[in-house]
Each structure stands twice: as C-alpha cells, then as structure tokens.
Amino acid sequence: MKRLAIAATAALALATAAQADTKIGMITTLSGGGSHLGIDVRDGFMLAIAQSGRTDIEVMIEDDARKPDVAKTISDKFVQRDNVDILTGIIWSNLAMAVVPSVTRGGTFYISPNAGPSPLAGAMCNENYFNVAWQNNDLHAAMGAYMKDAGVEKPFILAPNYPAGTDALTGFKSTFGEPEREIFTQLGQTDYAAEIAQIRASGADSVFFFLPGGMGISFMKQYAASGVDLPVYGPAFSFDEVILGAVGDAALGVFNTSQWAYDLDNPTNAAFVESFRAEYGRTPTLYASQGFDTANLILSALEVAEPSDADAFRAALEAANFDSVRGDFAFNSNHHPVQDILVRQVVAGDGKPTNQLVGVAVEDHRDAYAAECNM
Amino acid sequence: MTEVLRITGLAKSFGALKATDDVSLTLNAGEIHALIGPNGAGKSTLIGQIAGWIVPDAGTITLEGADITGLSVAARAKAGLGRTFQVSTLAMDRTARQNVRIAAQARAGSSFRFWGQVAQDQGLRDAVDQVLGDVQMLDQADTPIAELSHGARRRVEVACALALEPKLLLLDEPMAGLGQDGTQEMTALLARLKSRIPILLVEHDMDAVFALAGRISVLVNGAVIASGPPDVIRTDPAVRTAYLGED
Amino acid sequence: MPLSLIIEQALNGLQLGVTLFLMASGLTLVFGVMGLINLAHGSLYMVGAFVTAWVSASVGSFWIGLGAGIMAAAAVGALVEVAVIRRLYARDHLDQVLATFALILIFSEGTRWLFGSQPLWLDVPDLLSGAVTLPGGSPYPVFRLAIIAMGALVALGLYLMISRTRLGMRIRAGEADREMIGALGVDIATLYTLVFALGAALAGLAGAMVGALQSVQVGMGEPVLILAFVVIVIGGIGSVKGALIGAILVGVTDTMGRILLPSAFGLFMDASSATAVGSALASMLIYLLMALVLALKPQGLFPVHARA
Amino acid sequence: MRGREGWINGALAAALLIVPLALHLAGEVYYVNLASRVVIVALAAVGLNLALGYGGMVSFGHAAFFGIGGYVAGISAHHAILGTSFLGLSTTTEMPLIWLISVLLAGVVALAIGAISLRTKGVYFIMITLAFAQMLYYFAISFPAYGGEDGLPIYVRNTFPGLNTFDPITFYGICVVALFACLFLTARIMGSRFGAALDMAHLSETRLATAGIAPFNIRLTAFVISAMMTALAGALFADLNGFVSPSMMSWHRSGEIMVIVILGGVGRLWGPVAGAIAFVLLETFLGGLTERWGLFLGLILLGTVLFARGGIMGLIAGKARHD
C-alpha cells in the first residue's frame, strides 16, 4: 500500500513536470525583517494548492529580501524567462509599486495577497491586477468608523512617516474626522518613550496606531510599561498571532480591525484553520488566510478558463467564485475586495495572548479609490 | 649677497615648552647654512614651521622678500621651497621616476589636467631625467623605491626637491643612516648643488656640516645661541658648553 | 510645554543615550585598542537579545536569561575574534569594513536559521516592572530608570577598570603603542581577545536590556549600530569619555528633535504637513549634528592621538 | 596595460560585447536585462573605484549619488508623464539630458559632502560619508512628493534620440557604451597629470604637498568625478528597473558597491567589471537556490577578504602593475 502511494507520488511528480500548464510565480519576503508575513502567505497559498490536488500547476517561489530591485529582477525572470501566467506573493507596498505596474501592463496577471497601495486601487489600476487582501486604507478606515460608533472622542493617532503611514492616518481620518492629535514617527524607530510621554500629556482619551512589524512590538511593550492606560486601537497588522507572541501580555485588551479572524464562524474557515494547524503546527495569521484565499481564487478561475485566454480568465477572476475563509467575498469595480471588516480584541490565551472576534466594524466595506479607477 | 630666506622672531610653544624661542635666521644665495643642535633642541619644530606643517605663534618667514608665513605647505613648495625629510615620504610601490615626476609636473603647471598622458609628455620626461642625472640615479630611474638602497632613496628625495626648481633647499638630516660611502656621495652632491641653490641644512654629521657649511647656527632649547662661520662656531665657548658637552 | 513633560523627555533622551553608550563603548574600546572598525558589533547586540529572550522563556527567569545573553555575546565575540577578527588587525579599514559587513550577513542568516524568522518574546522582569512618579507628577517606567542606572554603572566600571586595573593599564598601553606592550611581554593576542569579548559583552548587555523594551528580531542591531557609529565619531573614536558624552548628546538631540521640530513647524504650517516635515527633519537631525561636529572638529569632540 | 591583466581585460570586454548579443539572438530577454544590470552595477562601482581604489577614499556613502541619478531620471519621467513641471521647469524624457542633469547634480552634492568629509581621515571619513548618505536616505523616505518609501515608478522608459530604448538589447548597448566610456575616461584620467597626483595623494600625501600640489583639492575633484559616474549608473538603473526608491540610497547599497569594487580588485581598471559580474550572478543564482543566500554570500565575501586580497583580478592576474 505504502509502495503504491510512493509510486503514485512519483508518477504525479513526473506528470507535473511534463504538464504544468499553469505557471505561477511567487515573489515574497522570506528573509530579512518581516519575513514571517511572506512565510505565512506562502504557506497558506501552498496549502490551498496542495488541497486542490491539481498537478498541472507549477508554483515557483523566490525570496525578495524586502528589496524593491530584487523583487523587480525576480519578476523579470518569471515573466521574461519562465513565461509565468500569474504572479503573486508581494508583501510590501513599495515592492508592489516597483513590480506590479510594468507586469500588468505587459499582460501578466498579478493577484496581490497583501499589499494594496492606493495608486493601484485608483489612478493606476489595471485590468490584470487583482487584490485579494485589502486596499491599504481599509483596516484603518474601518477602525475610524468603529471608534466613532464606540463613542471615542479624542484619539491620539500615530504612524511612521512613510506612504503607508500617511495613508493609514488619512484612512482613519476619512471615517473618524479630526483626532485630538496626530504624529509621525520615524520608519524603523525602536524607542517610543518620547511619543508615549506626548500621549500622556495630550489629554487624549484613546490611542490609534499603525506601526507594522517590529515597530509595533516595541511600541506596545513600552506603552504597557509606561503606566499610561488609555485604550488602544489599531489595524490587525500589529496583532497577528506571531507578533502577539513577541508582545506578550502587554497587548491584552487592544481592539484591532481585520478582514478575517481565525475564530470566524464559517465552515471554510474552520477547515482552513484546522488543516493549517495540522500542516504547520501553528495558528494561521491573517497573512496565511490571504495566501489561502489568493490560491483558491486562482484555482476557481482555472476551473473556468485558461490564463492564455486572458479575457475569459479575467472574467472568471472577477466572478470570485470561491469559498473565502472570510465568508462573503466579491470584487469591487477596481478589483479590490468588497468585504466585512471585523473587530477583534486581544485576550489571554493558551500561554500567549490571542485574538477574539468581538464584532463587525463595517459591513461590505469598499475602498475610497474605486472612483478614480478607469479600466 | 642676495638674501633668499629670512626668518624673523619665530616662536612656537607647546604648553609650557618653548619649542622655538624667538629664532631669526637668513639664508643667502650660493651658501649652505647649517642648523645644528642636540636632540630635542627644536630643529624639527623649526623646520616644520618653515615648510608650513606647523603654524608659528609669532614671527615671519619671507622667501625672496615675499611673506610666506601664512601659506600652506603646497603653496610654499610652489613658491620655491624644496625640502627633504628625515624619514622617507616616497611612495614605495612607485618608481623613482614616478616619484620625481610629481614634483616635475607641479613645476610644469597645473595638475588639473585630465586628458594628456604623463607617460608620453616629453617635456616632463626631460625634466625628470635632468634631476635624476643630477643625483646620479638615471640608471635606476624605473626601479620601485622599495627595491632601492637607503642611500639611493635619499638621493631620489633630493631629486624630488630639485625637480621643483626651488629657490632654496631645506634638507632634514640627509646623511642620517647613510654609510661612509653614502655620506661622501651626499656631501659631494650638496657641494655641487650649493652654487645653484642655497641650502638650509639640518644635520647631525659634524664632519659633513663643517665641510659644507658657510655658516652654522646652533639651536639649543629652541633658541639660536650662536651663529657664524665654522671656525667661529668651532671655538665658541657657549657652543662647546651647551652643545659639544665640554666645559 | 509643562515642566514635568520636559523632565520626562530629558530622561527619555538620557535613557536612549545610555543605551547607545553601551553599544558605543564596546565599539570605541575595540577601535582604541586594536584599531579595528567592527560593523558586526550590532550582530553581537542581536545575539545578546536572542539568547536572553530564549533562555528567559525556557527557564522563566529574566535574570538568568540576562546572564546567559551577556555570556553568549562574550563567547561569540571571543570566537569571532579568534576565527576572523584577529586576521584583520594588520589590514586597512577597507578590509575591516568589508569582512565585518560579511559577518553581518552571516550572523543575520545564521540567527534566522537557529531561531526562526518570527520575533521572540522578552518582557521586563517583575522586579523592574511598573512605574514611579517623577517630580512634577508624571509616572516613569522603573525599567527605563534601571537602564540609566545600568549605563552609569558601566561607565563607572569602565572608568575604574581603565584607570585602576592591570587590564586597564594594558589597554591604555595598547592605545599608546601596540609594539610597546608586545615588548613588555604582555600576551597581546589574549589581551585583544579579552577586549573584544568585553566589547561584545557590553553589546550583549545592551541588546538584552533593550530587547525587553523592543522587538527581539533579526536585523535589530543595524539601526542601533549606525547610531553607535555616529556616537563614537562625534565623541572621538577610541575615547570612552567621548562615547559617553556623544551618546547622551545624540540621545537627547534625537528625542528632543522628535518632539520639538513638529511643534516648531506647526507655528507656521498646518498641522498635518508640520508633523510630516518636522519628523522628516528630525530623522536627519543627528546626522546633521555629526556633520556639524566633524566640520568643526574633524577628530571628534575628544580626539584620541592621531591613529585614524 | 600589458601582460596577463591586459588579456583578462580584453576577455571581459569581449564577453560584455558578445555574450548579451548571443543571448539576444537566442531570444533570452531576461538574460539580456540581467546583463544590463551587471553593466550598470559595474558602472557604479567604476565610479567608486576612482575614489576608493585609486584615491584611497573609502566612501561608505556612494549609494547617495546612485540614488540622486536614479531620482533625476524618475522625477523627470514622473513630471513628463503627468505633464506637470518641476519648480516651474518642464522636464525631459531624453536620456542624454537626464544624464547631464544627474551628473551635474551629483557633482554639486558631492562637492558639498566632499568639502566637509575630506577634512577628516580614516574611519571618520568612512563614517561621515555614511552619515550624509543616511541623511539623504531618510529625506527620500519621508519626503512625500516623490513617493517616499514607495518610490516612484517610471511607466515609460526614457528615450534616446534615434534609438528604441524599450528594446532590451538596444538599452544594453546604451549601458555598455556608457560603461566603456567611463572605463576609458578612468584610464585616461589615471594616466594624466591629475591621475598621477591622485595616486600620490593616496600613497604619500606628504610627498604630494611637498611637491606643491594641495592634496585636498585633488581628492575633492576625484571624489566629485567619482560621484558623477556613480550617478550616471543610478540614472540608467532607474530606467532599467522602471522605478526608483529610497532603497537605492540605503547603506546596504553603499556596502554592495564597495563589495563589488573589492571583490573585483581595488584600484584595477576592470576590477569593478569582474566584481559586478561575480556579485550579480551570485546574488541572482544563490537567491534562486536558497533563502539562506545571505549566509553564503557572507561566507564568500569573508573568504575573499581574508584569503584573496587582490580580489578576482588579483587572483587571476597577479599583483597590479603601475607603469
């Protein structure tokens, strides 16, 4: 029996090499700062591909080391040498901006599992570009709406001084209105004592921050130790399961917005979380869920059309006829998601804190840039 | 007699130490003026000030009547001050010709020329050959300095100074470390040169000093305690006490 | 701005400065004694933080973790010195920069291999958690005060060691003349390994302390390394006193710039662009400070004899 | 240029001319572009080599000039495509003009940076050049008008009169001509009076000053020329990639350019070319083989510094000759 299985696998492998009618290139961040995002996207994506049982799909994965020019080189290699049909995988907006415009104009499909910079949703949108995750402003805008509904009056808001940071604060203000105070920190800053002192002195009634990766870890730890006890709100990026492990109890009680939660109650999600834990021995993050959805979107379109028939394949992607781990999922006119944005709270978990779904911030959220997009 | 170099009231202190104490000197055309003194007398500090490495606290230095006290090292060299060093400053990986050529090209105009190739510049080549001939180094012109003998390096240093076509030479212990033959060769070389270019000579080798110098100044504790022709200095009681250690 | 806030921010600046001093003192010591420029110093900081986090999590005690982190950094430092650094003393700065740049790549990837790519958890020990009330009424985290105290202790310890002990005498002799201590019969190779390990231990200490406040992740040493270089260049490379004063200068300038510049621009701009422009300028401020110091004093504030 | 090094240089030049052409004929667009990348990176390193290799100025901030060139190309294209103007000036998409502006702007910036930095020596110089580059880097990240950290895409590659720059092999041709021109210029400069003075400024500053040539002015001039060449590379790099971003100015980039110079052989005319070929191929193929490529790259670099001091050229062509 076992021998038979091995023989079958070998046959499949041979068949894969021979057939591989669909080539997917994944450019993602597997080394350097923030590589856990790329690893989760990859693992979620590959889990879906494996579960599909399809052997005619070849996924090529390369590490961009979070450098725009490396990402650009890899995309050239995938497109010009390997003739991939679909590209995906990029985590960071600045890398997406380096790669996506030229790729999609050249006729290759790009399905974004994470980054959603505003130009790609608006003026620079392209018929071959799809974003399965969110537009960069989405989670911030949703949090602004949620905080307004929750009766917060004077939030202190902060973000790093770079495009995604200014987008975050713009997104927040688009729904909340004017905050008590807003400040920009430096990108990569590690010490927030000065900012925390300003928060204390400001007379604000709450804090909203967008500080991705290590910056958020540093901020939360220092905030918790500072004795300031204003409630904290933020997007999910600073509260994924990996980061919560590094922040520890300092994050307890924080509210964060996400388009997905691992305890979201739908059968697709339950199956995903269970199989991800079984395969990789950890709880998936939102990035893993995005990778998983991205792969399933592609698989659903491949059921209907070949990427070589670009119009048919595009139509199949637009239909988004797949079971998303988020439940309802549809594309807006600019190929960005129309989806519910959820609110989670960090609670004590088994050994380390974890997220608990507490409600919906905005239903059927659409990003603000669709009107600028002429496809 | 034309005066080439005049130093007036030069002074330099390092903290409480008066390294140069109101020194005045002159150097005339056609002569060798030797500067002697025990170790620590302030010869190096004085030379440093003349060449421009050290800024004096007071005093002036004039070259052919022009005040050069405020000029940089390079500007003084351009003004006509050629010098050698106690410790060789030649580029060891380069040939004698390449080392001398730098001085020759500085003499021949601006170094901010980016196109013409020095190796094909016949004018420069002639100038370099000329001074290498003067110091009898033509046969080793294309040998890297690192492969030359100590004496040969000293002569290349002199050639570098000569290539500037200087108005005077400032030689800092040119005999140091040379054997007897080397010292004789160097002495002969300086004797040939002095009619062309006056020399301010700092030297420990008394035989050479008394053989070459027209005037000798004795520096002790930063101050000139005696100055005059060799015969006078030889018999000066103050010099004998302070310097030659006799009483 | 109320006085209490100014006191608090001054303390923050001091604390940042002290952290930088822990890094910079090791760098400057290694440069002063061995004439070596070590870009991989930030990697030793990372080693200290990772081992502290890992051991703390395993045995459940920050203090055991801290001890382990410092010792691991010192041990890794000694190992690297013997295997690689030793061959670089006689080389020019260019080779040193390149070889230690290569070490950064090796350390970063090696650490990721060992510990994985997710940040590790490390928290302030119970003993030092919580806050005290400053004069003026605002609370201030005990742990930050502890870092300041630790920095003061290290500064004092280094001062005593360099001025009072045999090792210090040898270090001073090494600064004065490397050949001389060889002639004195001091085992120069061992001395160098010791000094390098000491610098590594200080970096490890800094990494462990800061790791409790920040994110313990691969690459955490790089931003602080560049700041530490700014510090020692401002202070005068090789001077421990210069490192202390340079560190505090940089810490205070950076902290105050971050707070004051956006407000200052707010006086004549609308709030949003004032914060943007102000913080852009704030991020350049310490480099401007460094350029200014070097333009006026090319050897830094406390020049050590011409070695550089 | 005699002996074995001459043969190797000739072989490198021939390879740069023939290999991409063969790849082009074989239809391997990706590899033609990779060759352009090699050539551009080599050009940046040729620039640094003038300061670092020949002049002994260990600049750890040359990425700043690389970035300046890139941003000139990017900003020009940005305004041209939007039909807007830069401070009231209309911008161009003509490469020759972009290059001219890049080179002049980098020259002015290098003049300012050099005038301060060259007052210092040794480690201080290394660190102050790094600090200036970091300053520009942070400025580029936080200055929002040109994309900040996201950078600036160049949708349509800038143009060259009479040539189709979109064609990969044509663009490669432009790059390789620029590289050869700068190599020729470097050779010419190093053989000139200025080169002799720069060489002496490196080997014996005292000797140069004593000859009546102020070392500071020589160094500063060389630093400026060096920055200009690296800026030209930056402008080409932006057009190759179709975007510019602050990562062009990061200290890692400065380190990489330095690594290329040293890997190839410091102060050897064709050293940067050999170094760039080795570095880009290593980066590309190690990156394709393993996520841990940083580890192997580090080990290779360390091995080069410790055991192959003359770099690639030193290894295969022996000790440098200076006649």
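**Where chain A meets chain C**

Tutor: Happy to! In this contact, chain A takes part with 34 residues and chain C with 40 residues. Please keep in mind that the model is predicted. On the side of chain A that touches chain C, the elements giving two or more residues are α2 (35-52), β7 (181-185), α8 (193-202), α9 (214-226) and α10 (241-247) of chain A. Of these, α9(A) brings the largest share, seven residues. Sorted by class, this side of chain A has 18 polar, 12 nonpolar and four charged residues.

Now to chain B and its sheet. Six strands of chain B form an open, mixed sheet in the order β6-β7-β8-β3-β9-β10. At its edges are β6 (81-84) and β10 (223-228) of chain B, each pairing on one side only. On average, neighbouring strands of this sheet are turned by 20° against each other, direction ignored. Within the sheet, β3 (residues 32-36) and β8 (residues 199-202) of chain B pair in the parallel sense over four bridges, and B:Leu35 has B:Val202 in β8(B) as its bridge partner. Helix α1 (residues 43-51) of chain B lies across β3, β6, β7 (168-172), β8 and β9 (215-220) of chain B, and runs at about 150° to β7(B).

For a view of a whole chain, turn to chain D, which has 13 helices and four strands. Its C-alpha trace spans about 55 × 45 × 40 Å along the principal axes. Buried residues make up 65% of the 323 residues in chain D.

Key. Residues numbered from 1 in each chain as written. Chains lettered and ligands numbered in written order. Predicted model: local features only at pLDDT ≥ 70, side-chain atom pairs only at ≥ 80, totals over all residues. Buried ≥ 20, exposed ≤ 12 C-beta atoms within 10 Å, placed from the backbone. Contact = placed C-beta atoms within 7 Å. Nonpolar A, V, L, I, M, F, W, Y, C, P; charged D, E, K, R; others polar. Pairing = 2+ DSSP bridges. Axes fitted to C-alpha atoms, helices over the stretch in contact; angles between N-to-C directions.
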